[in-house]
Amino acid sequence: MSVILSSEDFFPNHCNSPAIVQSVLRVVHAIRTSRRPMLRFSNPHCLNCNNIVTAAECHFIAILSHVRSGNFSTATTHAMLLCEGNDMKGVLGAVTRLTELTADTRDV
């Protein structure tokens, strides 16, 4: 909820920051519906755990990075691992859309 309310703080120079937040939520939803076990992530507001990156977070970051660079084969491999062999097309599609929305914010 805090991300939605402060979306302009995350992307101050982007005119469509709410659409970016919505796109991030689509990615998270696609990940959650493709996996059997719960999606685990670290709480960024927790002083003891905000420096911990889970395996799922590592795969998500890798997917995002590889889709941005056009390396879809490696992105697909990380998506398979993140989705644990389940359907990952929704995740890859949602990440692709997110990278399109944020293409002009890379240097922000």
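**A walk around helix α6**

Start by selecting α6, residues 89-101: at 1.5 Å a residue, its 13 residues should span 18 Å, and its end C-alpha atoms are 18 Å apart, which agrees. That expected span is 1.5 Å times one less than the number of residues. Helices here are DSSP runs of H or I with at least four residues, numbered from the N terminus.

Before you go on, note that this is a predicted model, where local features need pLDDT of at least 70, side-chain atom pairs count only at pLDDT 80 or more, and totals for chains, interfaces and linings use all residues. Residues are numbered from 1 along each chain as its sequence is written, and side-chain values use heavy atoms, with hydrogens and water left out.

Now zoom out to the whole chain: you'll find six helices and zero strands.

Back to α6. Which of its residues are buried (under 20% relative accessible area, 1.4 Å probe, protein chains only)? Pick out Val-91, Leu-92, Ala-94, Val-95, Leu-98, Thr-99 and Leu-101. Show α3, α4 and α5 too, as they are part of what covers them.

Next, color the largest nonpolar core, which has 21 residues. Such a core is a set of buried Ala, Val, Leu, Ile, Met, Phe, Trp, Tyr and Cys residues joined through side-chain atoms within 4.5 Å. α6 gives the largest share of this core, six residues.

Last stop: click Ile-63, one of the residues with the most contacts inside the core. Beyond its neighbours within four places in sequence, Ile-63 is in contact (heavy atoms within 4.5 Å) with residues including His-78, Leu-82, Val-91, Leu-92 and Val-95.

Key. Buried means under 20% relative accessible area, exposed over 50%, partly exposed in between (1.4 Å probe, protein chains only). Helices (H or I, at least four residues) and strands (E, at least two) are DSSP runs, numbered from the N terminus.
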